[in-house]
Amino acid sequence: MAEISMGEPAFLILTALAGEPKHGYAVIEDVLDISGGQVRLHTGTLYSVLDRLREGGLIEVDREEIVASRLRRYYRLTGVGQERLAAETVRLRRNADAAAARLSGFALRPGTGAA
């Protein structure tokens, strides 16, 4: 059975963690950067997705520290997470290539909002 594709927030969070372990706020900032300012994760969304990714074995806690009397937890990608991110990247690239191929032969009419 084929694996179900992941949503954009999960994909972007895995992408953010592919570089190095990060804590929640750093993940939010990196996702904003990776998406060109298009995806701003709310903390509730972030931690819900992080929990799901952890349960799925795609990420794990790297370390914890106390900063200004608050717990800061760092997450990192697992080997399974790296494999899943690579597979999802291939799937998305294939879909984007198919869309680009179809659009290349599509003559846009004036007034459609596209150049």
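## Salt bridges

A salt bridge is a side-chain nitrogen of Lys or Arg within 4 Å of a carboxyl oxygen of Asp or Glu. In this predicted model, Arg72 and Glu65 form such a pair, with their closest N and O atoms 3.9 Å apart. That separation counts because the cut-off is 4 Å. Arg72 is partly exposed, at 28% relative accessibility, and Glu65 is partly exposed with a relative accessible area of 28%. A further group, made of Glu60, Asp62, Arg63 and Arg76, is joined into one network by salt bridges that share partners.

The structure holds eight salt bridges. Among them is the one between Glu64 and Arg73, whose side chains meet at 2.6 Å, N to O. Glu64 has a relative accessible area of 44% and is partly exposed; Arg73, at 29%, also counts as partly exposed. Both values fall in the partly exposed class because buried means under 20% and exposed means over 50%. Another salt bridge links Lys22 to Asp30, with 3.4 Å between the closest N and O atoms. Here Lys22 and Asp30 are both buried. In general, side chains of opposite charge can pair when their charged atoms come close.

## Fold and confidence

The chain contains four helices and three strands. Read from the N terminus, the order of elements is α-β-α-α-β-β-α. Among contacts between residues at least 6 apart in sequence, 45% join residues at least 24 apart.

The average pLDDT of the chain is 90, and 88% of the residues score at least 70. Confidence is highest in helix 2, at a mean of 97, and lowest in helix 4 (residues 79–104), where the mean is 93.

## Surface and nonpolar core

Of the 115 residues in the chain, 29% count as buried. The chain exposes about 7900 Å², of which carbon and sulfur atoms supply 52%.

In soluble globular proteins, nonpolar side chains tend to be buried together. The largest nonpolar core in this model has 22 residues, and those with the most contacts inside it are Ile13, Leu14, Leu17, Val31, Leu53 and Ile59. At least two residues of this core come from each of helix 1 (8–17), helix 2 (24–34), helix 3 (43–55) and strand 3 (70–77). Helix 1 gives the most, with seven residues.

Leu14 is one of the residues with the most contacts inside the core. Leaving aside residues up to four places away in sequence, Leu14 touches Met6, Leu53, Leu58, Ile59, Leu77 and Leu85.

Thr78 lies in the loop between strand 3 and helix 4. Its relative accessible area is 12%, so Thr78 is classed as buried, the limit being under 20%. The side chain of Thr78 reaches the backbone nitrogen of Gly81 at 3.0 Å.

Beyond residues up to four places away in sequence, Thr78 touches Gly57, Leu58, Ile59 and Glu60. Two of these neighbours, Leu58 and Ile59, are also touched by Leu14. Glu60 belongs to the salt-bridge network with Asp62, Arg63 and Arg76.

Definitions and conventions: Residues are numbered from 1 along each chain as its sequence is written. This is a predicted model: local features need pLDDT of at least 70, side-chain atom pairs count only at pLDDT 80 or more; totals for chains, interfaces and linings use all residues. Side-chain values use heavy atoms; hydrogens and water are left out. Buried means under 20% relative accessible area, exposed over 50%, partly exposed in between (1.4 Å probe, protein chains only). Contact means heavy atoms within 4.5 Å. Accessible areas come from the Shrake-Rupley method with a 1.4 Å probe; for residues, only the protein chains shown count as cover. A nonpolar core is a set of buried Ala, Val, Leu, Ile, Met, Phe, Trp, Tyr and Cys residues joined through side-chain atoms within 4.5 Å. pLDDT is the predictor's confidence in each residue, from 0 to 100. A polar contact is a pair of N or O atoms within 3.5 Å; within protein, one must be able to donate a hydrogen and the other to accept it, and residues adjacent in sequence count only if both atoms are side-chain atoms.
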